[in-house]
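Thank you all for coming. I would like to walk you through one structure, beginning with a single residue and then stepping back to the whole chain.

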Amino acid sequence: MTELPTQDEVLSYFNSLSNWGRWGDDDELGTMNHITPETRRRAVSLVREGVTVSCARTLSNANGPDVTATPVHYMIESGEGYAHDEKAGPPRAAQTSSDFIGVAFHGHVVTHVDSLSHFFFDGQMYNGKPSSLVSTRYGALRESIEVLRGGVLARGVLLDIPRLRGVPWFNPGEGILREDLEAAEAAQNVRVEPGDVLLVRTGQLHRRAELGPWNIAAEGGTGTHANCLPYFHERSIAMLGSDTGNSLIHPDFDKLSNPTHQVGIVAMGLWILDNADLEGLAEACADRGRWEFMITINPLRIEGGTGSPANPVAVF
């Protein structure tokens, strides 16, 4: 049985896995520095068919126990008043529809990218900057989502852990271990390399579709265990994504509520993609026997934003 790190060992990761100062004291990109023109060219070379697969969930205003705040979507103007009516006179010159959309995207249902200003530890954010640089009035004055204004273009790798285990999904509280990631690499004949966007499928979205939503905040979710953090650092990934909010609870930890985010974002400067839809991508990869692809992720440019909804698109 795998011996899992204690909380004290995980706390030591804040030092042993730290990227503070690695790319300069003013760096705001963190692990995005692993993406280079060379890695982008390699990613583009993976496109052979021109087939695209979206990895985003549909933004919906449906409510549920795992919804932190229901997205707001209403029509400012619709097309219902434009039917041709001779008695009403000439048609309006500009006939349009228009929407309002408001969304609290951090949580468990909206596909989004976390910027490096989203998590703090001991009052500090990535690269030793004080958490006070994220204010109520201005949002993130450093490390906001705008530093990704050029978007992400990288080699994507999907590791399908339920497929490896021969199960439909991981249940709440069941964590994915480093050994699972390495075993999936071997089984899928692929290796995670520097500059990659690593996508880890847990099957949680499939479970939600089959069994219905549950209160993840109260009942727990799944994701990668803290023992995966050294693997992420050693492989120099640019971004970690999953079909969960990466919300695995470690029952014996009282100083860390979410090690993947806390150590990953604060110490490593690791960008995280939460709540992706990896079901279609898993089918596409399995059909081809190919688990690498080009991926593009383009967050909105939000002034002071601590993240953004996103539509990751894999290209084969």
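Let me start at Glu292, which is found in strand 13, covering residues 292-297; strands here are DSSP runs of E with at least two residues, and helices are runs of H or I with at least four, each numbered from the N terminus. Please keep in mind that this is a predicted model, in which local features need pLDDT of at least 70 and side-chain atom pairs count only at pLDDT 80 or more, while totals for chains, interfaces and linings use all residues. Residues are numbered from 1 along each chain as its sequence is written, and side-chain values use heavy atoms, with hydrogens and water left out.

Is Glu292 buried or exposed? Glu292 counts as buried because its relative accessibility is 19%, where buried means under 20% relative accessible area, exposed over 50% and partly exposed in between, with a 1.4 Å probe and protein chains only. Leaving aside residues up to four places away in sequence, Glu292 touches Arg42, Leu46, Arg155, Gly156, Val190 and Phe316, a contact being heavy atoms within 4.5 Å. With one of these, Arg155, the side chain of Glu292 also makes a polar contact of 2.8 Å (a pair of N or O atoms within 3.5 Å, one able to donate a hydrogen and the other to accept it, with residues adjacent in sequence counting only if both atoms are side-chain atoms).

Stepping back, the protein has 9 helices and 15 strands, and 51% of its 316 residues count as buried. Its C-alpha trace spans about 80 × 50 × 45 Å along the principal axes.
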